[in-house]
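Please read the following report alongside the sequence and the three-dimensional view, which are shown here.

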Amino acid sequence: MVNIQYYSDNLFMNINMVIGAILFTFLSFLFITYLISLFKKEKNDFIKKKEPLSILIPAYNEEKNIISCLKSILNSDYDLNKFQIIVIDDKSKDETKKLVKEFIFKNQKVDIQLIEGKHQGKSKSLNLGLSYAKNELILSIDADIILKKDTISKLVAPMVYKSVAATNAVARIRNPKKFIEYFQMIEFTLNNLIRTSFSKVFKNSIWFFGAVACYKKSVLNEVGNFKTDTLTEDMDICLEIYNKKYQIVTVPDAIMATNAMSS
């Protein structure tokens with residue numbers, strides 16, 4: 001009779017085997033979820049009448065990006081008359097505020113406002129913008145983002161369901177050049193794969209990317225808005241919304257492009 005020993009006499013080896021088993025189980029779960037998602041079909045119920053939308057853009061030292069972001073919003077296929085665009089300048093030390101003022105002057109037909117914060121971080125900037133937002137649907141956009149023409153429409157579409165409280169877009173790296181930027185592109189691709197798979201299979205997207213996200217203002221108020229005691233306000237608000245039994249959807253064809261970290 002053969003006696004098989006499933007553990008080592010070395011404690012360090014046993015710990016490594018346990019960690020390896022947990023990691024293998026987790027990766028297998030992700031892979032199986034992805035395979036199931038390939039056979040899941042999603043309904044695309046687009047809102048025929050475009051709903052009014054308050055767009056919040058927190059910005060700090062974004063003189064290189066803010067105008068491109070604003071132009072991509074105005075280039076949207078959404079009805080511009082439905083927009084309330086609020087740029088929250090968080091005490092920038094560069095020309096961000098000046099550039100936004102010039103842009104507002106050139107686009108007076110669109111409701112664009114500039115609000116000055118006190119350099120207290122993104123969460124407080126978003127909460128400040130929320131206090132000025134007059135619409136139920138809130139779209140938050142990082143200032144270095146460029147949207148595709150139909151991104152806003154596709155993010156708003158699932159909000160037709162009462163159970164859906166938030167949606168978020170799929171991220172792409174814009175013009176990667178450095179080695180580390182290509183690695184971030186791989187990271188984003190994996191992140192997008194996980195988020196879209198979970199959204200399809202479990203009807204919820206716990207991995208949340210807040211660079212471009214749509215929320216219902218009433219639900220944000222219900223969970224106490226964006227918290228200031230965390231470095232990842234998007235993940236935090238996602239869990240708060242999830243705990244209230246609402247759905248969070250990743251929209252796979254709502255595309256936005258962002259800059260990679262250069263170091």
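Is N61 buried or exposed, or does it fall in between? The model is predicted, so local features need pLDDT of at least 70 and side-chain atom pairs count only at pLDDT 80 or more, while totals for chains, interfaces and linings use all residues. Residues are numbered from 1 along each chain as its sequence is written, and side-chain values use heavy atoms, with hydrogens and water left out. N61 is partly exposed, with a relative accessible area of 32%; buried means under 20% relative accessible area, exposed over 50%, and partly exposed in between (1.4 Å probe, protein chains only).

N61 is not a glycine, yet its phi is positive, and K91 is likewise a non-glycine residue with a positive phi.

| Residue | Phi | Loop |
|---|---|---|
| N61 | about 55° | between β1 and α2 (66–74) |
| K91 | about 60° | between β2 and α3 (96–106) |

Helices (H or I, at least four residues) and strands (E, at least two) are DSSP runs, numbered from the N terminus. Eight strands form an open sheet with mixed pairing, in the order β3-β2-β1-β4-β7-β6-β8-β5, where two strands pair if DSSP finds at least two bridges between them. β3 (112–116) and β5 (146–147) stand at the edges, each with a single partner strand, so one side of each is left without a neighbour in the sheet. Strands β6 (residues 164–173) and β7 (residues 212–216) run antiparallel and are joined by three bridges, and A166 stands opposite Y215 in β7.

In helix α4 (residues 122–132), the buried residues include L126 and L130. The buried residues of α4 pack against elements including β1 (53–59) and α8 (233–243), contact meaning heavy atoms within 4.5 Å.
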